[in-house]
Structures are given as C-alpha cells and as structure tokens.
Amino acid sequence: MNLLDLDIVTAAEKVSSKEVSPLDLVDACLERIDEIADTNAFISVNAAEARAVAAASGDLIAAGYRIGPLHGIPISLKDNIGVANAVTTAGSAVLSDYRPTHDSTVVQRLRSAGAIILGKTNMHEFAWGGTSANPHYGFVKNPWDVTRMPGGSSGGSAVAVAAGASFGALGTDTGGSIRLPSSLNGITGLRPTIGRVSNAGVIPLAWSMDTVGPMTRSARDCALLLGVLAGHDPKDAGTAPAAVEDYWAATAKPSVAGLRIGLIDDYSLTHIQPAVERAVNAALESFKAQGAVLRAVQVADIEGNISAQLTVEAAEPSAYHQRSLRARPQDYGEDVRLLLQAGEMLPAVHYLQAQRYRALLRAQMLQALETVDVIACPTLPFTATALGETSVVIRNDEPEDMLSAIMQFTGLPSLTGLPAMSLPCGIDTEGLPIGIQLIGRPFGEAALLRAAAAFQSQTTFHLARPNMAERTWASA
Amino acid sequence: MTNYHLPTDGMVGQEPVGSLPAAEQGAVGVVTAEQIEASSRLVDLPLSAEDSARIAELLSQWIPAAIALSTRMQAPELDNTIPITVFGMPGGTWATSSASEEVVA
C-alpha cells in the first residue's frame with residue numbers, strides 16, 4: 001500500500017483503526033516534498049513541528065481519543081493563509097519575514113478537526129495572477145509535465161495534492177485561483193459561496209471576491225474539508241449565518257438522477273480547445289447516462305464579465321497595496337507591480353459600474369438557476385501552457401492574453417458570489433488534465449458535491465496521477 | 001508587453017463577443033503614457049517613463065472594454081441596479097489589535 005495514493009477519507013479511517021499512524025502519513029509526505037522540490041510547490045515546510053504534532057496525534061489515537069474528522073491528516077496551506085508564528089509571505093518578498101501572531105480562522109478550524117499543518121505552498125505573488133510564475137520563490141511547475149505551468153494563483157497547493165505531497169490543501173479563490181490549478185493538475189477544487197468560509201487572517205487580493213476553499217483528490221475529500229471550514233465567524237463580518245449543510249452526507253450515496261444541468265447558450269461550450277471540448281462533452285454524456293438532464297439556459301448580459309473582473313480585481317488590490325507599493329516597489333515582481341500600478345489608474349466610475357454589472361449578472365444567473373440545478377462549462381478553455389507564457393492559443397492560431405483567457409469561465413461565479421467546483425474530466429493528447437466546472441446556487445455546495453461525487457463514482461479521471469516514477473525533475 | 005487581442009468577453013459562435021481589436025491610436029479608450037503620467041500625479045504614485053508606457057499599453061486593452069461596460073450600465077432600465085458589494089468591517093467593529101494586525105501589506 002502506497003500511503004500517498006490514499007484519499008483523506010481512507011487515510012483518516014486507517015488512522016482511526018491504527019492501521020497507519022499520523023507519523024507514517026507525515027513522513028511519507030515529507031519524503032515526497034523532497035522528491036518534488038524542483039516543482040517549487042512549497043515556500044516553507046515545518047517538518048519538525050509536523051512530526052511532533054503527528055507523534056502527539058498518534059499518542060491520542062493510541063489512548064482512544066480522536067479529535068475530529070481530520071485527525072492525523074497532513075494538510076498544506078497556500079502561503080497567504082496566516083499561521084501563528086509561521087512565515088506567511090503571500091508569495092512576495094514584501095512579506096518575506098511576516099509572521100502573524102494568530103492563526104487564521106480556517107487554520108484554527110483545521111487544527112480543531114485534528115489536521116496537521118505540513119507547510120505553506122507557493123503561489124502567484126499576492127494571488128494576483130493565474131500562472132504561479134513566482135519571481136521570488138521560483139516558478140511553480142506542473143507535475144504532469146514540469147515544463148508547463150500549474151495554473152494559479154493556488155498553484156503550489158494544487159501541485160502538492162496532485163503529486164501526493166499532501167493529502168489535501170487550502171487555496172484561495174478570487175477570479176478562479178482554486179479552480180484553475182485544480183483543473184490543470186487533475187484534482188478536485190471547490191470555491192465556496194462568498195461568505196461561506198471565513199477570510200479572517202487571510203491576506204486579501206480583492207475583498208469583494210476572495211474566499212478560501214478546499215483542494216483535494218476527490219469530491220468526498222472536498223466535502224470532508226468544507227464541512228470543517230464552513231460556517232459563520234465573528235471575526236469576519238462577511239461570513240453568512242446561513243446553516244451549514246451536511247456535505248459529507250451529500251456524497252455518501254451520490255446520484256444525479258433528475259439533476260438539471262444548464263448549459264449557457266453561446267458560452268458554455270464555445271471558444272475552447274478541441275481536446276477540452278471533447279472531454280467536457282464526454283463528461284456531460286456521462287452525467288446524462290446517470291440520469292441527469294441537459295438544458296439550455298440564457299444569461300443575456302454575460303458579455304462584459306471579463307472587463308468587470310479585470311476592473312474589480314485591479315482596483316481592490318491596488319487600494320490594499322498602496323502603502324507598500326510606494327515604500328517598497330522593488331520588492332514586488334514586475335508583473336504584479338505593473339498590475340498594482342495600473343489598478344490605481346482606473347476611474348472610480350468604472351469600478352462602480354463593474355460592481356453594478358455584477359449585481360445585474362448575479363440576478364440573471366439566479367434566474368437561470370431557477371430552471372436548472374447546476375450550470376456546467378469547462379474550468380479553463382485550454383490545458384497547461386509552457387512555463388512563463390503570457391499568451392495562449394485557443395482557436396485559429398490566434399494568441400490571446402493569458403490573464404483574460406484564463407478568466408473565461410471561472411470569473412462568472414467569482415463575480416456573482418456563487419459556489420463552483422472543478423473536477424477532472426479528461427486528459428488531452430499530451431497527457432495533461434482537463435477539468436469541468438459546475439456552478440451552483442448560493443450556499444448550494446452540497447448539490448455540487450453530490451453531483452461531483454456521482455460523476456467520480458462512475459469515472460476514474462480523479463484517480464489519475466502524474467507519473468512520479470518516470471519523472472526526471474532535474475531535466476525541467 | 002505584447003499588444004494582444006482582448007478575448008473571451010462572452011461568446012457568440014466561435015468568436016468572443018465584445019472582443020476588441022488592438023486599439024488604434026486616437027480611438028476611444030486608448031491610453032497614452034502622458035495620460036498615465038498625469039493620472040499618477042493624481043494618486044501621488046511615482047512612475048518611471050518605462051512603467052508609464054507599459055501601463056498605457058495594458059490599459060489600452062482594458063479601458064475600451066470598461067467604457068463599453070460603463071456605457072451599457074447607463075441604460076435607464078438599470079437605474080435601480082446598485083453595486084453588489086457590501087463592505088463589512090473585519091472583526092465586526094472598528095479595528096482591534098488582532099484585526100489591524102493582519103493588515104500587513
């Protein structure tokens with residue numbers, strides 16, 4: 001049995017039954033972290049602390065105590081998520097020595113559930129980008145092909161999970177930063193409804209769109225992690241008092257019989273690479289074969305969503321970073337520095353019209369979701385590009401700006417605050433993962449997880465792993 | 001920075017709806033380095049000439065689409081549409097030591 005092939009659910013069961021110890025799991029992860037060092041997936045790993053906690057966790061099991069559903073499970077954190085006394089850089093030299101004095105709420109919840117914090121993962125600097133090409137801590141590399149980018153901004157978290165260096169990870173998602181790298185690395189990632197999970201103690205990108213979420217190897221694992229993370233937090237006024245569903249139960253006997261899957265006219269299956277189109281269509285056929293129904297839906301004002309994303313995502317970080325941008329401009333990478341500078345040039349009226357547009361778009365999405373249960377589309381219109389690329393070809397040999405192209409599908413739930421998840425649905429001809437995105441109703445994460453678990457009960461894409469044995473890391 | 005076609009702003013057929021050709025000099029929304037330099041003074045942000053030029057090139061891709069969106073949002077039937085954002089106060093009150101501590105950048 002290779003411990004690193006286990007999902008969280010199975011590993012937790014084996015810890016409970018004393019078949020494996022938390023220390024076994026941590027040591028296996030630490031060994032894999034060393035093996036994939038060339039991917040630059042981690043910014044910091046606290047091996048000594050993780051091993052000490054694992055030993056204590058094993059002692060508790062031996063004494064008959066189980067703290068919670070994640071007892072003894074190693075979890076990694078994107079490096080914009082604050083951990084008490086641990087360096088939390090947000091992928092920037094600006095914060096190279098920043099150590100919060102308190103755990104973020106999500107870390108408190110993980111610890112309370114028995115999780116072991118393994119390390120902090122690399123990311124696009126301050127989460128302002130979708131490639132995880134980090135100039136300070138190294139470009140994160142895709143374990144399926146280390147000459148390719150892993151997506152971002154939670155690239156290191158996705159690589160850690162895909163490569164077996166962590167059983168699960170937390171990411172943050174503003175315009176797609178959980179779902180994009182999940183898609184490109186063949187894992188399952190969920191962006192919760194805005195307000196479902198606390199942002200307290202997390203370094204922001206864009207306040208009105210940021211949320212923390214789980215990145216795992218299966219929908220069942222996602223359900224387990226989200227159940228730990230979700231809920232109102234008095235430290236974050238943006239969190240909602242809405243009741244937390246039983247996500248775990250939703251995945252126990254998953255079914256999509258009668259599920260109405262919406263496809264947005266002239267959007268859901270448009271302007272995507274042929275391999276992505278084939279994989280997403282095949283996934284939709286699989287849903288149909290399980291009893292789901294496909295329906296066309298209309299979202300009249302979908303045009304404008306990329307512009308609104310760019311405006312909001314540029315303006316809000318620029319306000320947050322105003323002081324540091326003036327005091328320490330040299331400590332930002334060039335791409336992020338330029339984006340932050342550009343954000344200060346945007347007229348306030350454009351920002352507010354973008355926020356009004358979001359309200360319009362949300363109303364239309366909610367209307368569409370009255371006639372269907374979920375909306376489907378690819379997570380990305382393309383598969384992983386070469387490291388360092390700033391453009392991508394989707395159709396007709398025409399290069400497109402990476403930042404805009406990467407937002408094509410993930411921005412819709414981000415702008416409207418709706419929950420969405422990416423799950424693996426195929427592999428292209430070059431062996432690179434493809435993801436399908438499901439978008440749900442507000443606080444409808446259970447329905448998404450149920451559908452995803454049903455899909456994964458009939459397919460094996462989520463079980464595919466990068467070929468670690470044949471990987472020649474040094475060649476990249 | 002390469003002057004890319006701005007894609008993917010909603011789709012019809014195989015072509016992006018709202019996609020814009022590379023903005024031409026003098027067209028609505030085209031931004032010049034001189035305008036960036038003037039704007040940077042409004043926010044007291046020192047910029048090198050090189051950065052001003054690169055930001056102008058970037059915003060020349062973004063601003064025409066933002067103007068188009070702003071124009072659409074001027075429609076009378078949208079007069080009652082208010083911004084989606086409600087800004088909350090972390091911690092639920094004025095900054096406390098633990099809340100303000102996280103404001104680090």
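Which helices and strands do the buried residues of α5(A) pack against? The points below take up this question and then turn to other parts of the structure, which is a predicted model.

1. The helix α5, residues 155–162 of chain A, has eight of its eight residues buried, so it is largely enclosed by the rest of the structure. These buried residues are Gly155(A), Gly156(A), Ser157(A), Ala158(A), Val159(A), Ala160(A), Val161(A) and Ala162(A). They pack against the strands β1 (42–45), β2 (74–78), β3 (116–121), β6 (168–173) and β8 of chain A, and also against the helix α6 (179–185) of chain A.

2. Backbone details on either side of this helix deserve a careful look. In the loop between β5 (138–139) and α5 of chain A lies Ser153(A), and the peptide bond that leads from Gly152(A) to Ser153(A) is cis, with omega near 15°. After the helix, α5(A) is followed by Gly164(A), whose phi is positive, near 80°. As background, most peptide bonds are trans, and most residues other than glycine have a negative phi.

3. Positive phi values also occur in residues other than glycine. One of these is Asn40(A), with a phi of about 55°; Asn40(A) is placed in the loop between α2 (22–35) and β1 of chain A, and with a relative accessibility of 22% Asn40(A) counts as partly exposed. Another is His271(A), where phi is near 60°; His271(A) belongs to the loop between β9 and α9 of chain A, and with a relative accessible area of 4% His271(A) is buried.

4. Over all chains, the count of aromatic pairs comes to four. One of them joins Trp207(A) and Tyr320(A), whose ring centres are 6.1 Å apart and whose planes stand at 80°, so the pair is edge-to-face. Since Trp207(A) lies in the loop between β7 (188–191) and β8 (211–216) of chain A, while Tyr320(A) lies in helix α10 (residues 305–320) of chain A, the pair ties together parts that are 113 residues apart in sequence. Trp207(A) is partly exposed, at a relative accessible area of 41%, whereas Tyr320(A) is buried, at 9%.

5. Another pair is formed by Tyr267(A) and Phe409(A), with ring centres 5.1 Å apart and planes at 70°, so this pair too is edge-to-face. Tyr267(A) comes from the loop between β9 (260–264) and α9 (274–289) of chain A and Phe409(A) from the loop between α14 (402–406) and α15 (411–416) of chain A, so parts that are 142 residues apart in sequence are tied together. Tyr267(A) is buried, with a relative accessible area of 0%, and Phe409(A) likewise counts as buried, at 0% relative accessibility.

6. A ring also takes part in a contact with a charge: the charged end of Arg217(A) sits over the ring of Phe167(A), at 5.3 Å from its centre.

7. Finally, a helix packing may be described. The axes of helix α7 (residues 219–229) and helix α16 (residues 445–458), both of chain A, come within 8 Å and cross at roughly 155°, which makes α7(A) roughly antiparallel to α16(A). On the side of α7(A) the residues are Ala219(A), Cys222(A), Ala223(A) and Leu226(A), and these meet Glu445(A), Leu449(A), Ala452(A), Ala453(A) and Gln456(A) in α16(A). The residues of this contact between α7(A) and α16(A) comprise seven nonpolar, one polar and one charged.

Definitions and conventions: Residues numbered from 1 in each chain as written. Chains lettered and ligands numbered in written order. Predicted model: local features only at pLDDT ≥ 70, side-chain atom pairs only at ≥ 80, totals over all residues. Heavy atoms only, no water. Phe/Tyr/Trp six-rings, centres within 6.5 Å; stacked < 30°, edge-to-face > 60°. Helix = DSSP H or I, 4+ residues; strand = E, 2+ residues; numbered from the N terminus. Buried < 20%, exposed > 50% of the residue type's maximum accessible area, 1.4 Å probe, protein only. Lys NZ or Arg CZ within 6 Å of the ring centre and 35° of its normal. Contact = heavy atoms within 4.5 Å. Axes fitted to C-alpha atoms, helices over the stretch in contact; angles between N-to-C directions. Parallel < 35°, antiparallel > 145°, perpendicular 65-115°, else oblique. Nonpolar A, V, L, I, M, F, W, Y, C, P; charged D, E, K, R; others polar.
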